[in-house]
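Visitor: I would like to be walked through the side-chain contacts and helix packing of this model, with the criteria spelled out as we go.

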Amino acid sequence: MTENDQGNVPSRQRKRFPGISSRAYEHPADRSALVALRKLSGFDTAFKALSGLLPERSLRLLYLSDSVRVSDAQFSHLNDMLRDACYILDLEKVPPMYVTQDPKPNAMCIGLDEPIIVVTTGLVELLDEEEMRAVVGHEVGHALSGHAVYRTVLLFLTNLALKIAWIPLGTVAITAIVTALREWFRKSELSADRAGLLVGQDVRASMRGLMKIAGGNHLHEMNVDAFLAQADEYEKSGDLRDSVLKILNVLPRSHPFTTVRASELKKWSESRDFQRIMDGHYPKRSEDKDTSVTDSFRESANHYADTVRTSKDPLMKLVGDIAGGAGDLAGDLGGRLRTRFGGGPGQKADGGPAQDGKGTGGEAGNGTAGDGAGNGQSEG
């Protein structure tokens, strides 16, 4: 951060996180994908090579010519928030930020070489200062995580798929890539929501912002607790048919549903991980190069397994029950076979081979649960 930027401190006392790594707030699925991509030899070079195909320069010129660039002279309150966010997350270079005329509330962080942040007039007019601060922090979190590159590619491929839709089978491969990128991007939105909370440090403001995005500027008619209750009802309501409909509904979206985002953020704000960050204990950027890809994938797999175990969704509960039942059945069959062919009842009573058989079956059940969680989340 430049000397001028560092002199612009937050308007109220907020904790700052010098050298914080984006790994501190990234969702496990988002983090494992990013770590793997960053470790992949030649990946950055390949994406840079795409810059000749991607309309990034055109986008920058478009926003420069037909939007309002945030500065001390224009939208100065947004400029203060942007600098504050970069100061708190210790982002050295403050990205350019534009306000574009669009009644739909939206914000994005795009760019290959350097990220730019774009917010719509609909969003600026909808949110109060603290709610907007969380949104700006959300977009700065995207920039710190390197999400802007992949978001730009997603936008390009989505537009390309529309342009070649008339070609038979022309969109099959692109649609598959877009679907995978959208699934990743939905997880990256959960990461950025966490970054927004670290910047704003006001969970109620983050909740209010999500409510307004869902229901408009009628805050006096809405209630945070009731909004969170909707998320709980959405997760556990219905039968298997509704679970399938949920998957189909979310597939074309780049963002998770707002009630789900609010619920996920509330859970994280009450977690030990969040408290540790607020206490000053978090991974540093200087340690990123030593990050283990295997550990990141393992953490992601454990997260999905926990999601299946704790989910109230009928389909996820069925997956968990089937996985657990398969494990119990395998353990029971293994114990019976070992008892019958491996030395008789004495060994079973001693808890030798028979217990080993059940233990192996239990582990197989957990593995299946992890696989089921991964597949279930990838699809929805």
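**Contacts around the loops and helices**

Visitor: Over the ring of which residue does the charged end of R16 sit?

Guide: The model is predicted, so local features need pLDDT of at least 70 and side-chain atom pairs count only at pLDDT 80 or more, whereas totals for chains, interfaces and linings use all residues. Residues are numbered from 1 along each chain as its sequence is written, and side-chain values use heavy atoms, with hydrogens and water left out. A charge sits over a ring if NZ of Lys or CZ of Arg is within 6 Å of the ring centre and within 35 degrees of the ring normal. The charged end of R16 lies 4.4 Å from the centre of the ring in question, which belongs to Y87.

Visitor: With which residue does D90 form a salt bridge, and how many residues apart in sequence are the parts that the pair ties together?

Guide: A salt bridge is a side-chain nitrogen of Lys or Arg within 4 Å of a carboxyl oxygen of Asp or Glu, and the closest N and O atoms of D90 and R16 are 3.1 Å apart. D90 lies in the loop between α5 (76-88) and β2 (97-100), and R16 in the loop between α1 and α2, so the parts tied together are separated in sequence by 74 residues. (Helices, H or I of at least four residues, and strands, E of at least two, are DSSP runs numbered from the N terminus.)

Visitor: Is D90 buried or exposed?

Guide: Relative accessible area decides this, with buried meaning under 20%, exposed over 50% and partly exposed in between (1.4 Å probe, protein chains only). R16, at 28%, is partly exposed. D90 has a relative accessibility of 16%, and therefore counts as buried.

Visitor: What is the N to O distance in the salt bridge of E114 and K93, and is K93 buried or exposed?

Guide: The side chains of E114 and K93 meet at 2.8 Å, N to O. E114 lies in the loop between β3 (107-110) and β4 (116-120) and K93 in the loop between α5 and β2, so this pair ties together parts 21 residues apart in sequence. E114 counts as partly exposed at 35% relative accessibility, while K93, at 56%, counts as exposed.

Visitor: How are the rings of F17 and Y282 arranged?

Guide: A search of the whole structure finds three aromatic pairs, where rings of Phe, Tyr and Trp (its six-membered ring) pair if their centres lie within 6.5 Å, and planes under 30 degrees apart count as stacked, over 60 as edge-to-face and the rest as tilted. F17 is buried, with a relative accessible area of 1%, and Y282 also counts as buried, at 12%. The ring centres of F17 and Y282 are 5.9 Å apart and their planes stand at 85°, so the pair is edge-to-face.

Visitor: What is the orientation of α7 relative to α10?

Guide: Helix α7 (residues 129-145) and helix α10 (residues 203-215) pack with their axes 8 Å apart and at an angle of about 90°; axes are lines fitted to C-alpha atoms, for helices over the stretch in contact, and angles run from 0 to 180 degrees between N-to-C directions. Angles under 35 degrees count as roughly parallel, over 145 as roughly antiparallel, 65 to 115 as roughly perpendicular and the rest as oblique. The orientation of α7 to α10 is therefore roughly perpendicular.
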